[in-house]
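Me: I have a model open and would like to learn how to read its features. Can we go through them one at a time?

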Amino acid sequence: MGKSGFLLLIAMAYGLLSGPSACLGQQQTPERQPLAILTKAHEAHSLTLAEAARSYPVHLFAVVTYYDPYIDPRHPTVWVSDASGGVYVALASVPAVPFQPGDLIEVTGASAAGGYAPIVKASDVRLIGKSTLPSIAPKVTLAEMLSGSKDGQWVEVEGVVHAVLKSGKNIDLDLALSDGTFTATTIQEDGVDYENLVDAKIRLRGNVAPLFNHQGSMTGVYLLFPGRAVVTVEETGPLHPFELPISPISSLLRFTPKPISGHRIHARAAVTLAWPGRLVCIQDGSHGLCAQTDQVTSLGVGELADVIGFPMIGAFTPTLTSGAYHTTGLRQPVSPTAISASQAVGGNYDAELVELEGQLVGQDDAATDPNIVLSSQNQVFSAVLPAHYRGRLPAWKKGTTFKIVGICSVKKGTDRAFATGEGLSLPNSFRILLRSPQDVVVIRSPSWWTPAHSISTLGLAAVLTLIVLAWVFVLRKRVDQQTHIIRQQLREAAELGLEIQTLNKDLEKRIAERTAQLKTANLELEAFNYSVSHDLRAPLRHIAGFSGILVHDFGPGMAVEAREHLQHIQDAVIHMGLLVEGLLSLAKIGRKSLKLHRTELNPIVEHAISVLQSECEGREVEWRIGSLPTLECDRTLVSQVFQNLLDNAVKYSRYRDHAVIEVDSIQRPGKPPVIFVRDNGAGFDMRYAKKLFGMFQRLHTESEFEGTGVGLATVCRIIQKHGGTIWAEAEPDHGATFYFVLQGAEQAEISQGQEQLHS
């Protein structure tokens, strides 16, 4: 008897045992019938959402077909199947031992209305033993999956892998079926090479999962498959795709007796546009081609490049998806073809490098892709720049005439069928994709002297003339009155000027003397701090060494109280050593000159997190790292800032079951960004916030959290050295947030000078 038959017998036996009691319940309370126990996955999944919300009791014996604890660690994703079908199971808690595909489990719970379809909300899940994945999987199309009829079911699909993407612990396959493209997801397995699946024709089994909006309407589907074992390769992809035969651009998606069946093609042509990570366009003679790509390798316009990708129907002419490229090292510049707007909308120059003129209608420099809107020959079109040029277009006046150079991108309008049985796609609009702002050249600015402007200017001039004449008459009288007063004030000012000059010279001399004294005192203080910290090391080593000898040589014969005293001495020496190291570090920061460079902060944070990984072992720590700005700063010192702040965040969130540490920035128009580090740890009382950044100041006892009170003082010193400021916000037992701002290079140098002056 097979596994499916065994599950069916268990379900039937359970139904016989539960049947009489159900009947008895009906006789006792005929007016309120109890809900039937659902013992099959299909029974739970085939309920309406309203029925599922009534919480029908569920008791299933099913096989785990997909288990993923990484998509949401709090609620693992579990799909199960039995002989009747498949259904999603929402676990009440994370199992102590993770389930594996093929595990036979017993599920006790109730039905519930999921976000899209009914699910089983489990109250108890028990592992029975090992089984096998379902042997029967109907082959389905994308259209069948999008209909919703295959939701949650164990199915088989066949298609060509277009791309392999890594997302955390998951692997996503972009899979092109005969009727469309969708994504298949699994958990990454150690030692498995997924990249060799690209361009391979495969058969794949898994559970159909829905994508839906907040209203519960389907927006798409994806497939969850348990692992590489359920992937069958029908046709392997080429090992060296750049060695595929070169296909002329003009031959793509045209009739051929032997089509390539959705596999990659290889084209070689001159680069006409490169938007790293998004789009690359090439041109072979009079035919152009654009490829969507995630590759960010630099590629220059005019280079001869090899491009591979999957041909797809584009907006009007073929395009490539999942593209990749590399340069041949040769150059083959392409000159733009001068065309009119009417020729561009005709479609003959789609994906080609063109040159045309247009008059400015509008401009949107704040869009995701900045663009300008132009008109020419009764055609309105846009010229688009990639996002990284946002804010770099001048504010032109409407009516300005431009000559632009870029890639013509035609959009399909209507499809027309003829009596011959053939069809024709007709374009109705186009846009120009620009390489850089230099592709936009002003050839004529609009004249300001329009008739309306001329009349307004003459009227304003007449009014101003009358006002000036009246004002001259009034001023003439006032001038005579003020002349007498000014002459008297000049005499008094001359007398005071001599006295002020004498006082200023004396004050400048005293300031210069005081400044020199303060500089000398500051340098001597830093040298003293460094010398004392350095010279304390030798006595500490002696104390530690001799106390260690006493414990080693005389420990067994010493009294318990004496050994405790020696232990206190050793602990104090260790603590004193940490304080000395902190003083030395602070002294070095004071003596170190700033080396300012444009620095990306995200790599610094990632390095600091990697250093702290040993501190996080055995703990559940969630890192939330935002997109941090690039700043002008000293990379070494700023690395110390993040290391100290993140070390504090890890330390003070130690007693949290789920620690959350966030690093992000707050952008302020016209002002430096604010960087912050936030945790959900012990926090502190804001009444004592002013003590945070003082030397040896601590808001927690040594028994609660170890430390020396030097780390935050060092952070404050570094921020001030950059001309910035740091502050903190917190609440006891609700975590703390440290904010800081780094000033620009010139401000940092000025601030450093002021710091040395007033230290």
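Reply: On a 1 Å grid over the protein atoms alone, a cavity is a set of points where a 1.4 Å probe fits but cannot get out, and lining residues have an atom within 4 Å of a point. Points are joined across faces, edges and corners, and the volume is the space filled by probe spheres set on them. This is a predicted model, so local features need pLDDT of at least 70 and side-chain atom pairs count only at pLDDT 80 or more, while totals for chains, interfaces and linings use all residues. Residues are numbered from 1 along each chain as its sequence is written, and side-chain values use heavy atoms, with hydrogens and water left out.

Me: How many cavities of 30 Å³ or more does a search of the whole structure find?

Reply: Rolling a probe the size of a water molecule over the atoms shows where empty space is left. Here the search turns up two cavities of 30 Å³ or more.

Me: What classes of residue make up the lining of the second largest cavity?

Reply: Seven are nonpolar, one is polar and none is charged. In this scheme Ala, Val, Leu, Ile, Met, Phe, Trp, Tyr, Cys and Pro count as nonpolar, Asp, Glu, Lys and Arg as charged, and the others, Gly among them, as polar.

Me: Salt bridges next. How many does the count come to?

Reply: Side chains of opposite charge can pair when their charged atoms come close. The rule asks for a side-chain nitrogen of Lys or Arg within 4 Å of a carboxyl oxygen of Asp or Glu, and the count comes to 15. Glu-156 pairs with Arg-203, with the closest N and O atoms 3.2 Å apart. That pair links strand E6 (residues 154-167) to strand E9 (residues 201-212), 47 residues apart. Arg-203 also bridges to Glu-234, at 2.4 Å between the closest N and O atoms, and this pair joins E9 to strand E11, 31 residues apart. Together with Arg-205, these residues are linked in a network of salt bridges.

Me: Is Glu-156 buried or exposed?

Reply: Buried means under 20% relative accessible area, exposed over 50%, and partly exposed in between (1.4 Å probe, protein chains only). Glu-156 counts as buried because its relative accessibility is 9%. Arg-203, at 26%, is partly exposed, and so is Glu-234 at 37%.

Me: Which residue does Arg-268 meet in a salt bridge?

Reply: Its side chain meets that of Asp-306, at 2.6 Å from N to O. Arg-268 sits in strand E12 and Asp-306 in strand E15 (residues 303-312), so the pair ties together parts that are 38 residues apart in sequence. Asp-306 is buried at 3% relative accessibility, whereas Arg-268 is partly exposed at 38%.

Me: Why is helix H12 called largely enclosed?

Reply: Eight of the eleven residues of H12 (residues 711-721) are buried, so the rest of the structure largely encloses the helix. Among the buried ones are Leu-712, Cys-716, Ile-719 and Lys-721. Just after H12, Gly-723 takes a positive phi of about 80°.

Methods. On a 1 Å grid over the protein atoms alone, a cavity is a set of points where a 1.4 Å probe fits but cannot get out, and a pocket is an open set with protein on both sides within 12 Å along at least five of seven lines; lining residues have an atom within 4 Å of a point. Helices (H or I, at least four residues) and strands (E, at least two) are DSSP runs, numbered from the N terminus.
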